[in-house]
Amino acid sequence: MYFIMSLHRLIYLSYARPGIGYTDLRQIMDKSEVNNMKAGVTGMLCFGNNVFLQILEGNRKVVNQTYSRIAKDDRHHSPEIIDFRAIEHRHFGEWSMKLVQLDEMTSGSFRQLIFKFSDVQSFVPETMTAEQCFQFMKELYVLSSVV
Ligand code: FAD
C-alpha cells in the first residue's frame, strides 16, 4: 500500500547544451536504463528542437533523487518542472526510459500529434500545459511503438 500511495509522476523540460549529439543521447540512455531499472523508475525522454521533455514515474523519493541528479547535468540547462503529482498507476511502465528523437519522426501521424497539442508546427513544449505534455507523451509512446 505504501508503494502505491507514494507513486508519483514528474514532468520537466530543459534545453540541450549546444552541439549535443547521438553519442551524448546514447550515453544518457545507457546510464538511465541501468539507474532507473535499479530504482524502479520508468518513463520517457523526448528530444526535439534542442529541447528535452521527460516523464519520470516511480516512488516519490526516488523520483526526486533522480530529478535532482538530472538537473545538475551540464548536458542540458534551465530545467523547468512542469508537473509533479501522485498517480495511481504508471503509464510508461514498460520502459526504464524510452527515448524518442522527434527530429527523426516525419510521419503524417506525428505531425498531426504535434498540431493536436500545440498551436505551432514544431515541438515547443514551453507552450503546452502540464496536461497537454502528459497527453502528448502518452500518444507519442503509442505512436513510437508502432512506427
Ligand atoms: P556517473 O555516471 O558516474 O556520473 C558522475 C557525474 O558525471 C554526474 O554528475 C554526471 O551528470 C556527470 N557526467 C557523466 N557523464 C557525463 C558526460 N558524458 N557529460 C557530462 N557530464 C557527465 N540519469 C538517470 O539515472 N535517469 C534518467 O532518467 C536520466 N535522464 C536524463 C535526461 C537528460 C535530459 C539528461 C541530460 C541526463 C539524464 N540522466 C539520467 C543522466 C543524469 O543526469 C546523470 O548523468 C546520471 O544519472 C548520473 O549517473 P551516476 O550517478 O551513475 O553517475
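This is a predicted model: local features need pLDDT of at least 70, side-chain atom pairs count only at pLDDT 80 or more; totals for chains, interfaces and linings use all residues.
**Exercise 1.** What span does helix H2 reach, and what span is expected at 1.5 Å a residue?

*Solution.* 
- Step 1: H2 covers residues 22–39, which is 18 residues.
- Step 2: At 1.5 Å a residue, 26 Å is expected.
- Step 3: From first C-alpha to last, H2 reaches 25 Å, close to that value.
- Step 4: Just after H2, Gly40 takes a positive phi of about 70°.

**Exercise 2.** Which residues of H2 are buried, and what covers them?

*Solution.* 
- Step 1: Apply the cut-off for burial, under 20% relative accessible area.
- Step 2: Asp24, Leu25, Ile28, Met29, Ser32 and Asn36 pass.
- Step 3: Recall the helix repeat: with 3.6 residues a turn, residues three or four places apart point the same way.
- Step 4: The cover over the buried residues includes strands E2 (42–48), E3 (51–59) and E5 (98–101), along with helix H3 (60–71).

**Exercise 3.** Which residues come nearest to the ligand, and which element gives the largest share of its shell?

*Solution.* 
- Step 1: The ligand has 18 residues around it; Lys31, Ser32, Asn36, Arg69 and Asp73 come nearest.
- Step 2: Check the polar atoms. One in the Lys31 side chain lies 3.0 Å from a ligand oxygen. An N or O atom in the Asn36 side chain is 2.9 Å from a ligand nitrogen. For the Asp73 side chain, an N or O atom is 2.7 Å from a ligand oxygen.
- Step 3: Assign the shell to elements. H2, E3 and H3 each give two or more residues. The largest share, six residues, is from H2.
- Step 4: Sort by class: six nonpolar, seven polar and five charged residues.

Notes: Residues are numbered from 1 along each chain as its sequence is written. Side-chain values use heavy atoms; hydrogens and water are left out. Helices (H or I, at least four residues) and strands (E, at least two) are DSSP runs, numbered from the N terminus. The expected span of a helix is 1.5 Å times one less than its number of residues. Buried means under 20% relative accessible area, exposed over 50%, partly exposed in between (1.4 Å probe, protein chains only). Contact means heavy atoms within 4.5 Å. A residue is near a molecule or strand if one of its heavy atoms lies within 4 Å of it. A polar contact is a pair of N or O atoms within 3.5 Å; within protein, one must be able to donate a hydrogen and the other to accept it, and residues adjacent in sequence count only if both atoms are side-chain atoms. Ala, Val, Leu, Ile, Met, Phe, Trp, Tyr, Cys and Pro count as nonpolar, Asp, Glu, Lys and Arg as charged, and the others, Gly among them, as polar.
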